[in-house]
Amino acid sequence: MPGSPLWGWLGPLIVAVFGGILRFDRLGTPHAVVFDETYYAKDAFSTITYGVERQFVDGADALMLRGSTQIFKTCAPAEQCGAFVAHPPLGKWMIGLGEWLFGLTPFGWRFMAALVGTLSLFVLARVARRLTRSTMLGCLAGFLLALDGLHFVLSRTALLDVFLMFWVLAGFACLVVDRDRSRERLVDWYQSSAVTAPGPRLGLRPWRLAAGLCLGAALATKWTGAFFILAFVVMTLLWDAGARRAIGLPQPYRTAWRLDWPLGVAWTAVVPVVTWIASSAGWFATDKGWGRNWEQATSQGWVFFVFDSFRSWLGYQDQVLGFHEGLTTHHDYQSSPWQWPLLLRPVSFYYQKPTGGCGSDNCSSAVLATGTPVIWFGAVAALIALVVWYFSTRDWRAGAVLGAYLAGWAPWFYFAVADHRTMFLFYALPMLPFMILAIVLVAGLIIGPVGASARRRVGGTSVVGAFALLALMNFWWLSPVLTATTISYQDWLWRMIPRSWV
């Protein structure tokens, strides 16, 4: 890694602090239950209180905003008040941690989203630095993510998507480190040993295990984490074979299959499944969950109890799958996957018309879940450039970024066609870090290598710097409608470009 190790850590940290200040400023505003916070804020509080999600009383949102925690129904037997929920519990446990620390308040249920969103800036900056070997480009990646409107809004809202995005990004980052470490080991072996087939084993590979845990956390947050697991398993196993081929070992794929892939599959496929199951520990450990059947199971001995608990849990997962397959209810802010890269239909999380406070008789206060257009449109161009770059050079970085992006985007086309699924723009959040990595990789091409002429380097840096400045200005222009700032209706309307945003 060239450059200063100190700035390699300090630069991303400064970018993360910058983004964190933006995210934590006025985090409790609006003092309201925003969009799907009506589900996740209460489910999270139930999870940290009872270990599972419980049914809540009518008017629970108003009770929470008045400071009451008495929002759940009581039933005998307890399992009759278990709530049927469509997503695994880890994201709700994470939201609940903020509520445990700061109470059942808007700040409390948004705290962990803001913290995880801030940490994701640091992780992205570090992985971009590792991909490009440039601290400046690494910091550019974190800076652009800090300025993206969709990431910003979801970092200030108690929804699950920011947690899914974080765990997917963390898993990818761990795999990139594992790739470097395994190749270092192969090079050390190559330089100190006679080159004989089949080459060495590469050890326990703790970074790959860490990736498996992170990807398991993604799956334990939202089911769509499974698509990233599949893509990353294929990607990292191909990296293993490619590394053996690069140093000239014979039959690299067969050797990798025998020496690398058994443990690789265990770390990146089995470990995520175990992590996902473990996230339901609260359901297994209590009698209050949906479909728990605790009383009958405990009456027939511990062997039957274990067997029946797992059977009941699998039945629950089957019900959840059926729920997702039938999720076709129309919503005013729904959109199709092809619309997401162009930001054609953002989601209004919150809109009110305050009486005064804006210097006009007609005021607006809004939270619009939309990306920063400069960044998203720039990413479309960068992804197209990456396709050309990959097929002309086979650069692994371009392939990895494109593969991760498609893992987050392509499955939704199937759901749109086969299931007519109701979908929203913010489902694209896990794709966003890879969109920004595409921008950063192309920025590296524009600036040129270290050995390029000074004129090329200065010109390229000016172009990239101008893009970053445009992103900053674009975010500043949108910020009032991202943060529920009270502005005039006309100022709000000026920011609804195109009109499909209204």
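Predicted model: local features only at pLDDT ≥ 70, side-chain atom pairs only at ≥ 80, totals over all residues.
Figure 1. Residues are numbered from 1 along each chain as its sequence is written, and side-chain values use heavy atoms, with hydrogens and water left out. Trp276 belongs to helix H12 (residues 261-278); helices (H or I, at least four residues) and strands (E, at least two) are DSSP runs, numbered from the N terminus. Apart from its neighbours within four places in sequence, Trp276 is in contact with Pro88, Gly216, Leu219, Ala220, Trp223, Trp313 and Gln317, where contact means heavy atoms within 4.5 Å. Between Trp276 and Leu215, which are 61 residues apart in sequence, the C-alpha to C-alpha distance is 9.2 Å.

**Figure 2. The pair formed by helices H10 and H17.** The axes of H10 (residues 225-246) and H17 (residues 396-419) come within 9 Å and cross at roughly 155 degrees; axes are lines fitted to C-alpha atoms, for helices over the stretch in contact, and angles run from 0 to 180 degrees between N-to-C directions. H10 and H17 are therefore roughly antiparallel to each other, given that angles over 145 degrees count as roughly antiparallel, under 35 as roughly parallel, 65 to 115 as roughly perpendicular and the rest as oblique. On the H10 side the contact is made by Phe227, Phe228, Ala231, Phe232, Met235 and Trp239, and on the H17 side by Trp396, Ala400, Gly403, Ala404, Ala407, Gly408, Pro411 and Phe415. These residues divide into 12 nonpolar, two polar and no charged, with Ala, Val, Leu, Ile, Met, Phe, Trp, Tyr, Cys and Pro counted as nonpolar, Asp, Glu, Lys and Arg as charged, and the others, Gly among them, as polar.

**Figure 3. The pair formed by helices H6 and H19.** The axes of H6 (residues 135-146) and H19 (residues 454-478) come within 10 Å and cross at roughly 20 degrees, and the two helices are therefore roughly parallel to each other. H6 passes H19 in a left-handed crossing. Leu140, Phe143, Leu144 and Ala146 of H6 make the contact with Val464, Phe467, Ala468, Ala471, Leu472 and Phe475 of H19, a set that divides into 10 nonpolar, no polar and no charged residues.

Figure 4. Leu343, in the loop between H15 and strand E1 (347-352), has a positive phi of about 55 degrees although it is not a glycine, and Leu343 is buried at 1% relative accessibility. Ala484, in the loop between H19 and strand E3 (487-488), likewise has a positive phi, near 60 degrees, in a residue other than glycine, and Ala484 is buried with a relative accessible area of 5%.

Note on methods:
Left-handed = near helix turned anticlockwise from the far one by under 90°. Buried < 20%, exposed > 50% of the residue type's maximum accessible area, 1.4 Å probe, protein only.
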